[in-house]
Amino acid sequence: MGSVRIEKMTKSFGDFTALHDINLDIKEGEFFALLGPSGCGKTTTMRCIAGFENPTSGRIYIGDREVEKIPANKRNCGMVFQSYALFPHMNVFENVAYSLNIKQLNASNPIKQMGIYGRLLSSRLGKYPADIRNKVMEILKYVELDNHADRLTSELSGGQQQRVALARALVMEPAVLLMDEPLSNLDQKLRHSMRNTIRKIQQDLGITTIFVTHDQEEAMSMADRVAVMDKGHIVQIGTPTDLYSNPSSPFIADFVGTSNILEGTVEGEENGFTVVKGEGFLLRSSTKTKKKSVDVIIRPEHVKVEAADSVIDHNETNVIEGTVIMSTYLGSIVRYDVQVGSYQLIVDTTYSSGANIFEEGKKVKLTVEHERVLLI
Amino acid sequence: MNRLKNSLNGLTVVKVLIFIFFGLFMLLPLLSVFVVSFTGEPTNLLGALTDPAILNSTIEKFKNISLDNYKRIFSNAGYATALKNSLVLAFTVTIIIILVCIPLAYGIARTKMPFKKTISALCMIPLIVPTFISAYAFIIMFGRAGWVTQIYNALGGEGMLLNPYSMAGVVAVQVFFFFPYALWPLVAAFKVSDISLEEASQNLGAKSWFTFIFVTFPLALPGVISSALLIFTVSFSDFGSPIVLAPKDLNLLVVEAYREISGFFNWGGAAILTVVMVIVAAFFFYLQHLFTKGKNYGSVSGKPKQQKLIENKLLTRVLSGYSLFIVLIPLLAMLSVALQSVATTWGKDLLPSGYTLNHYKTIFSTSMGNIQNSIMLATGALVLSVIVATFVSYFVVRQNSAKLDFIASIPLVVPGIAFGIALIQTFNTAPLQLTGTALLLIIAYTIRRLPYMVRSTMGSMRAIKADIEEAAVNLGATPLTAAITIVGPLMLPGIAAGSVLVFITVIKEASVSILLAPPEWAPMSLAIFQNILRAEYYSAAAMSVILVALVLILQAIASFIGKKQQL
Ligand SMILES: Nc1ncnc2c1ncn2[C@@H]1O[C@H](COP(=O)(O)OP(=O)(O)OP(=O)(O)O)[C@@H](O)[C@H]1O
Ligand SMILES: [Mg+2]
């Protein structure tokens, strides 16, 4: 019922192509994130699913239905807008009740319709039936806004408005929940707690959710799977751990978490490891590759820093020599910038109190395990 | 096929209906006047579409199309003179108004002249009073038995100070009752023009009059020109004052066109005059549009730079005295009408010989119908224009319908009398015989005043973000339901402000009422006009007072709404 499938979708605005050949297969109940830099086509993809834009070519299925001919108001996609788009002339209750009113409107005879129009225009002009009232209050309780039902939306805080928007979309029991950067208007702290709220609600209801964001941390921490987009293309789809440990391109490696990206040349094989050489380093990697020139990806937290005079077994692990340029104390971790050949590598080490921090200008040895050296 | 069905949603149907409305009641009449001006005889374009016989005769008429009609007309001295006189009138009024307004605007914008607030407030009066009432007020003041004439004679003058039944009379009425149209843009222009340049000039030792002529004035010049073009169009299209004041031997385009239609049923002649009127008005409107494009002299609401207002005693006193004189005349004119409305007889002496409320009694017993008609017609036009304007602004703002934007602003350039003639001509036969019905009158009012309404609703429409509407659609509402339940209520303040304006202007409307109103639907303006023609001055005065009072009340409501909106 709630799965979403997109096949070969492209979308052009005039002679500008915003989406190139998008393919997505989102399972029922999945929390799916669309991640990518600004202008890459995330909102456009979402608007095509919701029916506000018509794809130039390709197909979209919601459940098993092909939706091209279904207008936006019949697609049953609950959408949470970036700006929330709450109705400013209605209070919280009326905002949330809107879709229920509309549903009833479509199922009524003209005389009853007049009454429904009446209460849509002003709650003084018509009484809400008990079932609608109960349902709205139930969902408001769920998002912890039941005692704000009579407030105007302009009298709410950002986080509360966000929850009204969520409740308004959820109350119609949509097949899919679409959220376009729902947290970008909130401050840092609220953003963290809303992440948990949204994730919990999604899990409780088991509702298929597509979540747009340009914040990789948000996508990685919330989603079951993430699609990374760039310039109208989908570059990789995978679980957060997948993307993190097996990025398919330097772009993703860089976009998903922080990465050291070095250019290297494959020298050959040795004991089942691939040997790569580059400016100032020689590394062995457990990645197999047929390519000659490769990008070497090393995550900052996979590197250890040792004193220059420590003895290390070169068969156990990779060793690179470098010079500390800067060390930054970030609370639980210490981040070093280390000069290696012409590269500046970022290295994160966990800091335990009492341990000594390498000062700037100090020569050090960096070690990376073979499995942690990725070649793309 | 299915795509077609999808696109045929409720809103598309509404859009088509709106285009049909404009097409049928505005474009078709204008087109048909244009055709008639060539064929020289009534041409039933609508009938030609539905009835083959009419189609044949229409084709026959088209075959006879020639410029003969135009040639004949322009060799007809009467018409050529009418055009010339109308242009001279508009030109004279424009020049005088600009000259009159420059000191007044300067005083308001740049000096601390005494009574500035009072003067500004009194400048509202001319905008409230319809011109046929102001023209009539000038008869009470300057006519043969008018009180000004009496004072003038007592002071030793001969005859009349100003003969209201003359070109000079028409010019005087228009000057004193149209000057605010130029005043406020001029005040704005004086306020925004860069004062530092003037200071520089004065620092260099220039005398203040020199600074004014060579620095201040040129800086305000674009504002002046744009106001001048506006006044020209307004004066050229005005029907109220010429129809009351113009003597038989003074041909003016608007009056001539009215006489051709109502007196002689000369369709060809009226059509040509209409075409000429529309072309001239449209041309000057277009010029004005060119001039104001990208500038915003009319509505300087932002904080103008802090300017030091001039305090020179002599200058401010002279300016104040002069300004009071200008604004006092419309006030005296209105007071004269009020006095006449309670006079038993007035004319032998300076003041009425006695006072009575009988004229009002008569009105409330015999002419209550006219008041009701005015209110009902204005309400009808209001409702229709709210509906049309709301959807027009929806399509213009949300769907970028430039076509509709253009069409909805056409009424601005069509003089009322021209539009009235076009409507009569188009709808006086089957298949749509509407001439003489209240419906056509309401439609005419609606179209004529639609630009005000659209301006007002478009403003509030722009303030509503598109995603709010999309949210409603996303929640299951059709675009039409979303428009009714979300967009409509959010536009309410704009609609309310526009509605009052439409209501007021419809009540004041003279040209369309006089041309189109059937006897059983005669509104107040037509009743006043007929009373003036029949020389029933006292009832005309009483009715005028009621009309102006009604407008004043509505204006107060409008400004109340406006204030509330700003809060
Ligand atoms: N209606 C439109 N007409 C023309 N171009 C458009 C339109 N809508 C979007 N675009 C273009 O399509 C591209 C993708 O836009 P989109 O809004 O999908 O980006 P986004 O990934 O949501 O970015 P952001 O993170 O900034 O919201 C952009 O280059 C944008 O300029
Ligand atoms: Mg976006």
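This report covers a sheet and its helices in chain A, a hairpin in chain A, and a helix pair in chain B.

## Basis

The model is predicted: local features need pLDDT of at least 70, side-chain atom pairs count only at pLDDT 80 or more, and totals for chains, interfaces and linings use all residues. Residues are numbered from 1 along each chain as its sequence is written, chains are lettered from A and ligands numbered from 1 in the order in which they are written, and side-chain values use heavy atoms, leaving out hydrogens and water.

## The six-stranded sheet of chain A

Six strands form an open sheet in chain A, in the order β6-β7-β8-β3-β9-β10. The pairing is mixed. β6 (77-80) and β10 (233-238) of chain A stand at the edges with a single partner strand each, so one side of each has no neighbour in the sheet. The twist averages 20° from one strand to the next. Strands (E, at least two residues) and helices (H or I, at least four) are DSSP runs, numbered from the N terminus. Two strands pair if DSSP finds at least two bridges between them.

β6(A) pairs with β7(A) (residues 176-180) in the parallel sense, over four bridges. Within this pair, A:Cys77 has A:Val176 as its bridge partner.

## Helices on the sheet

Helix α1(A) (residues 42-50) packs on the sheet and touches β3, β6, β7, β8 and β9 of chain A. Contact means heavy atoms within 4.5 Å. The direction of α1(A) makes about 150° with that of β7(A). Helix α6(A) (residues 188-205) lies across β3, β7 and β8 of chain A, at about 140° to β3(A). Axes are lines fitted to C-alpha atoms, for helices over the stretch in contact; angles run from 0 to 180 degrees between N-to-C directions.

## Hairpin β12-β13

β12(A) (residues 273-278) and β13(A) (residues 281-285) pair in the antiparallel sense over five bridges. A:Val276 stands opposite A:Leu283. Two residues separate the strands, and A:Gly280 takes a positive phi near 90°. Four of the five residues of β13(A) are buried (under 20% relative accessible area, with exposed over 50% and partly exposed in between, 1.4 Å probe, protein chains only).

## Helix pair in chain B

α22(B) (residues 438-463) and α24(B) (residues 479-508) pack at about 150°, with axes 8 Å apart. The crossing is right-handed (the near helix is turned clockwise from the far one by less than a right angle). Contact residues include B:Tyr445, B:Arg449 and B:Met453 of α22(B), and B:Gly494, B:Gly498 and B:Leu501 of α24(B).
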